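Look through the sequence and the 3D view before reading on. The report below goes through a few parts one by one.

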Amino acid sequence: MKKSMKCIGLFIVSVLMLAIAGCGNDKSENASDSAGSGDKTDFPSKAITMISPTSAGGGTDATARALAADVEKHLGQSIGVVNKPGGSGSVGMTEGANAKPDGYTVTMVIAELTMLEHMGVSTLNQDQMKAVAMINLDPAALTVPADAPYDTLEEFIDYAKEHPGELQVGNAGTGSIWHVAAESLAKNADIELNHVPFEGAAPAVTALVGGHVDAVTVSPAEVKTQLDAGNLKTLAIMSDKRSDIIPDVPTFTEAGLESETIATWRGITVPNDTPDEIVTILQDAFLKAADEEGFKKFMSSNGLGIELKKADEFNAFMDENYDYYKEMFAELGLGNK
Amino acid sequence: MKVPHITSGIISICLGGLFYYLTLDFPKLNTADTGAAFLPRIYCGLLILFGIILLIQGIRDHSKNEESSQTVRYALISMVIVLAYILVIPYIGFYVSTALTIFSLLFFSKVRKAVTLVSVPLGAVLFVFLVFEKLLKVSIPMGSLFL
Amino acid sequence: MSLLMEGIVNILHWDVLLFLTFGTLLGIIIGSLPGLTSTMGVALMLPLTFGMDAVTGILLLIGVYFGSVYGGSLTAILINTPGTPASAATVIDGYPLTQKGKAQKALTVSTLSCAIGGLVSVIVLILVAPQLANFALKFSAPESFALALFGLSIVSSIAGDSLVKGLMAGTLGLLIASIGLDPIGGFPRFTFGMSELSSGINFIPIMIGLFAASEAFKSMEDIFTENKVKVTIDKVKLKWLEFKGLIGTILRSAGIGTFTGMVPGAGADIAAFVAYNEAKRFAKNKEEFGKGDLRGVAAPEAAGNSVTGGAMIPLLTLGIPGDAVTAVLLGALMVQGLQPGPMLFESNGPIVYTLFVGMLLANVLLLVFGLLGIRLFTKVLLIPQTILTPLILMLCVVGAYSLGNNYFDIVVMFIAGVVGYFFKRFKIPASPVILGLILGPMLESNFRRALVMSQGDLSIFYTRPITVVLLVIAVITLFTPLFSKKLFKKS
């Protein structure tokens with residue numbers, strides 16, 4: 001009796017094994033998404049999946065969910081946000097790049113897309129995806145405790161020159177965008193800073209409030225609460241124009257130091273072979289949604305900046321980013337090739 | 001407990017050794033901290049140390065091995081069934097493969113009542129659909145065959 | 001006081017109460033399902049709150065948060081499957097109690113401890129939050145490193161019969177935790193070029209595999225052997241005298257949990273393990289720990305749930321989220337136009353106190369639902385093993401997947417399940433692996449960050465008072481069993 005059970009068990013197993021062999025030609029590792037072959041003319045005819053390459057609860061996730069809710073109105077189809085965290089976003093974005101190119105799987109991409117290759121984490125870059133629209137951009141903001149002995153960028157640099165290597169600047173992890181920002185500040189101002197990496201921007205800000213580091217270079221969204229509470233002050237932002245979140249703070253250039261725009265950003269992409277007419281439909285829907293009052297209110301209450309770019313501008317922007325980080329990473333000796 | 005001690009001791013030593021070997025090409029960055037390899041090497045050293053202690057304990061141990069290994073095969077077969085289950089999910093999707101697996105496992109554990117064999121797999125699938133997919137909005141893999 | 005009264009009045013609206021109840025129930029469900037964490041539950045509900053008024057929305061999320069921390073222990077006790085990391089320590093004594101037929105008693109203790117722990121922490125939050133908040137800020141890298149080391153040192157008390165095997169398992173956990181991008185240099189370690197590994201292996205699939213899947217494989221075996229373990233359910237209720245004996249443990253654990261909750265980066269999982277260790281340290285009779293001691297359930301449960309109130313302290317008073325759940329809550333508060341921080345209490349006093357009353361009520365709801373549900377929950381044990389086992393294996397797979405919608409996590413869960421099965425055969429304890437996995441990243445990143453901050457000067461570890469105290473306790477904790485128990489214990 002027992003033996004026959006075993007045989008049956010093994011039989012079932014072998015049937016299942018055959019099933020695998022039968023579909024062995026399919027290379028996709030994870031085919032969870034509801035993407036299907038839709039008719040191009042009546043796009044979209046069914047629900048769309050949006051991949052968020054971060055875990056539930058983060059700023060990217062919140063942005064994706066808030067945006068999805070508004071885009072639904074313009075596309076007439078529901079959008080489900082799926083979190084695929086891991087590998088600095090490479091897991092989710094790679095899956096987005098390899099999805100069926102029919103427009104039913106879109107990906108919320110983050111600045112890391114143009115950095116992963118230089119970091120040595122993944123071979124993914126922006127060329128493997130087709131840009132749809134850019135939604136948000138948050139520049140690095142040099143922020144210090146409210147009682148720090150410097151009130152301007154110039155005074156900060158002077159202080160750093162008098163105390164070389166003593167100023168501790170917290171960032172969101174080695175090789176993260178905020179680390180690059182601090183390194184770029186050190187390079188442009190010719191000062192020596194001690195870079196302290198944290199697991200993300202929030203712990204770095206906590207350490208700044210606790211007085212364990214002297215400055216952070218993270219986005220205004222991350223420090224907004226503490227700015228409002230009067231615990232911190234932002235000296236300048238690394239952008240070519242002022243931020244809507246903290247309009248009183250000057251840009252680096254205004255404060256007397258030439259600087260590139262160093263910012264985190266979020267946008268929408270689709271797989272490379274997606275037909276152009278579908279990209280256009282998506283682009284228009286996403287840009288309209290990002291202009292809705294509800295979305296704007298959500299973004300501003302979270303300290304997130306809205307920056308809209310159409311597909312071609314977004315594409316050019318990503319290429320520019322890619323080249324800049326390539327140079328920057330080589331210069332800093334980061335990356336692991 | 002002679003065999004388990006010796007086996008786990010040897011595995012621990014091998015694992016420690018292998019990972020230590022892998023740390024050899026970790027770069028030493030020019031920073032104040034201890035570098036990428038420092039703590040993993042300590043962990044590997046500890047694994048080797050504990051492995052050696054277990055090995056000695058095992059060799060010194062002369063008590064009879066009381067654990068019968070006769071029953072292991074049932075656990076192994078169930079592992080193979082689950083492995084097959086996991087491997088087919090990407091192709092035939094979660095719902096079909098789950099129903100098939102639960103059916104196989106029930107059959108394997110000598111359940112012959114037709115009602116049970118049908119209702120448990122279907123009930124389980126329905127539960128996942130309602131709680132995970134509908135209530136909690138988890139995207140359950142549908143499988144590439146059905147796309 | 002008048003603010004508190006105002007809070008009570010504000011909460012007595014049917015819609016507020018309805019959503020709080022709904023949130024708590026949903027939280028219990030989410031918590032009891034493996035792979036679905038508190039963070040995920042709160043994040044999933046977040047968009048729903050945008051359309052609600054502030055109090056209703058936030059209390060819905062708080063209900064989900066509190067409920068999920070409690071819910072994880074139900075499955076931990078009944079089927080050896082911690083629903084959330086907070087319950088990883090509960091299985092050590094909870095499941096043996098179920099095997100002895102004392103599931104109802106264990107669940108009663110767990111429910112009471114959770115509710116009391118939660119209430120204590122909220123009361124602490126109401127009374128002394130601003131005074132305590134600044135203490136949380138004192139925690140920098142060296143303090144967090146010392147706390148992690150202290151947490152690791154309790155491996156000796158959860159090791160079970162063989163200390164060497166426990167230490168080995170703990171070290172294995174630490175080594176697995178070091179897989180992925182190195183936290184300071186950003187170098188990918190042991191990733192073999194796989195991008196899934198570059199952010200490290202998530203410990204929740206490993207936890208599900210080690211505890212739940214391995215147990216399921218084991219019971220497939222039991223089905224075929226004649227020595228079937230017949231699980232009984234004793235109807236014996238918890239006696240007042242037994243409960244009285246637990247009060248000390250519960251209150252101490254609530255204190256540990258509230259404190260741990262305040263510390264940035266330390267959460268319910270760590271608190272539960274530390275409280276378990278302290279319960280054992282203070283116990284006169286230690287033999288029953290690990291084999292089904294009620295104190296071994298009361299301690300981690302009270303501590304795990306009291307983290308909730310503790311974590312609210314830096315969030316509300318300073319606007320600092322100590323962990324992922326509070327980070328989501330911070331977002332929720334800000335969308336509602338409530339800016340956490342010192343000004344919150346002045347500008348939005350009535351709302352804050354309404355939230356406080358809501359938090360107290362959420363814990364009372366836990367108590368009510370928990371005690372009412374015990375007889376229902378224990379029905380799970382009446383399902384024949386032949387049917388329950390396949391269902392648990394399915395839950396392992398769907399739970400591991402839904403954590404990050406990642407197929408890779410299912411594979412990790414499976415491997416951990418197979419390894420965990422052989423751990424059981426070889427009598428190697430699984431809990432130290434989880435402890436190592438939870439604390440490994442905290443230990444390493446803070447150790448090395450401290451050295452970056454001090455520019456390589458080791459004195460940073462012995463010149464700061466909190467660090468020194470924690471390090472001393474860690475050393476004592478680690479070495480006590482070495483003297484009380486022979487290292488080379490024969491099996």
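## A helix pair in chain C

A crossing of two helices is left-handed if the near helix is turned anticlockwise from the far one by less than a right angle. The crossing of α3(C) and α13(C) is of the left-handed kind. Keep in mind that this is a predicted model.

Helix α3 of chain C spans residues 38-49. Its axis lies 8 Å from that of α13(C), and the two helices pack at an angle of about 15°. Angles under 35 degrees count as roughly parallel, so α3(C) and α13(C) are roughly parallel to each other.

Which residues meet here? From α3(C) come Ser38(C), Thr39(C), Val42(C), Ala43(C) and Leu46(C). From α13(C) come Ala324(C), Val325(C), Val328(C), Leu329(C) and Ala332(C). In this contact of α3(C) with α13(C), 8 residues are nonpolar, 2 are polar and none is charged.

## Chain A in outline

Chain A has 337 residues, and 60% of them are buried. Its secondary structure comes to 11 helices and 11 strands. Take the contacts in chain A between residues at least 6 apart in sequence: 75% of these join residues at least 24 apart.

## The sheet in chain A

Six strands of chain A form an open sheet with mixed pairing. Their order is β2-β1-β3-β10-β4-β11. Which strands sit at the edges? They are β2 (79-83) and β11 of chain A, and each pairs on one side only. From one strand to the next, the twist averages 20°.

Strands of a sheet pair through backbone hydrogen bonds, either parallel or antiparallel. Strands β4(A) and β11(A) run antiparallel and are joined by 3 bridges. Ala133(A) has Lys310(A) in β11(A) as its bridge partner. Helix α3 of chain A, residues 90-97, packs on the sheet. This helix touches β1 (48-52), β3 (105-110), β4 and β10 (263-271) of chain A. Its direction makes about 145° with that of β3(A).

## Helix α10 of chain A

Helix α10 of chain A covers residues 293-301. Which of its residues are buried? They are Phe295(A), Phe298(A), Met299(A) and Ser301(A).

What covers these buried residues? From chain A, the cover includes α2 (59-75), β4 (129-139), α8 (220-228), α9 (276-290) and β11 (306-310). Chain C contributes too, with α13 (324-335). Just after α10(A), Gly303(A) takes a positive phi of about 75°.

Key
Residues are numbered from 1 along each chain as its sequence is written. Chains are lettered from A and ligands numbered from 1 in the order in which they are written. This is a predicted model: local features need pLDDT of at least 70, side-chain atom pairs count only at pLDDT 80 or more; totals for chains, interfaces and linings use all residues. Side-chain values use heavy atoms; hydrogens and water are left out. Buried means under 20% relative accessible area, exposed over 50%, partly exposed in between (1.4 Å probe, protein chains only). Helices (H or I, at least four residues) and strands (E, at least two) are DSSP runs, numbered from the N terminus. Contact means heavy atoms within 4.5 Å. Two strands pair if DSSP finds at least two bridges between them. Axes are lines fitted to C-alpha atoms, for helices over the stretch in contact, and angles run from 0 to 180 degrees between N-to-C directions. Angles under 35 degrees count as roughly parallel, over 145 as roughly antiparallel, 65 to 115 as roughly perpendicular and the rest as oblique. Ala, Val, Leu, Ile, Met, Phe, Trp, Tyr, Cys and Pro count as nonpolar, Asp, Glu, Lys and Arg as charged, and the others, Gly among them, as polar.
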